[in-house]
Amino acid sequence: MSTTLLVIATIVAATLGVGVGYLSTRPTIHRLRKELADAAWQLTHDPLTGLLNRTGLRTVHATIAATGDPQPLIVMLIDLDQFKEINDTHSHDAGDDLLMETADRLNRLAHTYGGTVARLSGDEFAAILPVGRHPISDIADRFNSVIAAPVKVQADSGPVAVTVTASLGIAAVASTDPVQDIALHRADTAMYHAKHHGGDRHVLYTPGMTMPDHKRRRGPRLRDLRRDQRGSVE
């Protein structure tokens, strides 16, 4: 709604400029255009890390799907293994430091493969990469490695170095496959298998793979709570 109002306001200001003189309305038009750009950015990006959010990731996928012939894609779901312990031990500010550094590392690595990365919620990220000459297992190993490298964070007691690992679920899909119902769903299933087997690893989705036994999980995550409350993932 706010974006729509800004669009209308920009058109009105531009129309008024025809009658009263463009120079007199130019500052208003520039301000409204900036506010419109800011609103569009907030709609598609995560405010903490600056990465795309779920909406932004869907937009990127839709653009790929609409461009040319169908192409193979790698969709990766990345869930940090010990993030709650960082928050509990060193404070939420330290957790935010870790998330921002992890986001930067993932973003740089995804770009080296011509892909993009997003923060979906909490300690969960996703990446979309084109299928290239590099084996999927090698790409996944690099993602695991960059996440596991120590990160300096600001704890309540001062700066400390912390380490986390990640569970990666990977799905090889076509660009025309629905991102939520197929690509991310398959990657999510594979990710839970990685988590189920101790984390710090990646699992590639295979046909027929289903969710593992829930008993070994250490409690519901934000994503699971949303599923319980609304019956589906955002």
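Buried means under 20% relative accessible area, exposed means over 50%, and partly exposed is in between (1.4 Å probe, protein chains only).

The model is predicted, so local features need pLDDT of at least 70 and side-chain atom pairs count only at pLDDT 80 or more, while totals for chains, interfaces and linings use all residues. Residues are numbered from 1 along each chain as its sequence is written, and side-chain values use heavy atoms, with hydrogens and water left out.

**Figure 1. The whole chain.** The chain holds eight helices and seven strands. Helices (H or I, at least four residues) and strands (E, at least two) are DSSP runs, numbered from the N terminus. Of the 234 residues, 43% count as buried. The accessible surface of the chain is about 12500 Å². Carbon and sulfur atoms own 57% of that surface. Accessible areas come from the Shrake-Rupley method with a 1.4 Å probe; for residues, only the protein chains shown count as cover. Among contacts in the chain with a separation of 6 or more, 65% join residues 24 or more positions apart. Contact means heavy atoms within 4.5 Å.

**Figure 2. Helix α5 against helix α6.** Two packed helices are described by the angle between their axes and the distance between the axes. Helix α5 spans residues 92-112, and helix α6 spans residues 136-148. Their axes come within 9 Å and cross at roughly 155°. That angle makes α5 roughly antiparallel to α6. Axes are lines fitted to C-alpha atoms, for helices over the stretch in contact, and angles run from 0 to 180 degrees between N-to-C directions. Angles under 35 degrees count as roughly parallel, over 145 as roughly antiparallel, 65 to 115 as roughly perpendicular, and the rest as oblique. The crossing of α5 past α6 is right-handed. A crossing is right-handed if the near helix is turned clockwise from the far one by less than a right angle, and left-handed if anticlockwise. From α5, the contact draws on Thr 102, Arg 105, Leu 106, Leu 109, Ala 110 and Thr 112. From α6 come Arg 142, Phe 143, Val 146 and Ile 147. By class, this contact of α5 with α6 has six nonpolar, two polar and two charged residues. Ala, Val, Leu, Ile, Met, Phe, Trp, Tyr, Cys and Pro count as nonpolar, Asp, Glu, Lys and Arg as charged, and the others, Gly among them, as polar.

**Figure 3. Helix α4 against helix α5.** The axes of α4 and α5 lie 6 Å apart, at an angle of about 140°. That makes α4 oblique to α5. Phe 83, Ile 86, Asn 87 and His 90 of α4 make the contact with His 92, Ala 94, Gly 95, Leu 98 and Leu 99 of α5. Five of these residues of α4 and α5 are nonpolar, four are polar and none is charged.

**Figure 4. Helix α3 against helix α7.** Helix α3 (residues 54-65) packs with helix α7 (residues 179-196) at an angle of about 105°. Their axes are 12 Å apart. The two helices, α3 and α7, are therefore roughly perpendicular to each other. Arg 54, Leu 57, Arg 58 and His 61 of α3 meet Val 179, Gln 180 and Leu 184 of α7. The contact of α3 with α7 divides into three nonpolar, two polar and two charged residues.

**Figure 5. Two residues with positive phi.** Most residues other than glycine have a negative phi. Ser 91 has a phi near 105°. Ser 91 sits in the loop between α4 (83-90) and α5. Its relative accessibility is 14%, so Ser 91 counts as buried. Asp 200 has a positive phi of about 55°. Asp 200 lies in the loop between α7 and β7 (201-204). At 43% relative accessibility, Asp 200 is partly exposed.

**Figure 6. Val 160 in strand β5.** Val 160 belongs to strand β5 (residues 158-162). It is partly exposed, with a relative accessible area of 23%. Leaving out residues up to four places away in sequence, Val 160 touches His 90, Val 151, Lys 152, Val 153 and Ala 155. Val 160 and His 90 are 70 residues apart along the chain, yet their C-alpha atoms are separated by 8.8 Å.

Figure 7. Ser 121 is in strand β2 (residues 116-121). A relative accessible area of 13% makes Ser 121 buried. Ser 121 and Arg 54 are 67 residues apart in sequence and 8.3 Å apart, C-alpha to C-alpha. Ser 137 is in helix α6. Ser 137 is partly exposed, at 37% relative accessible area.
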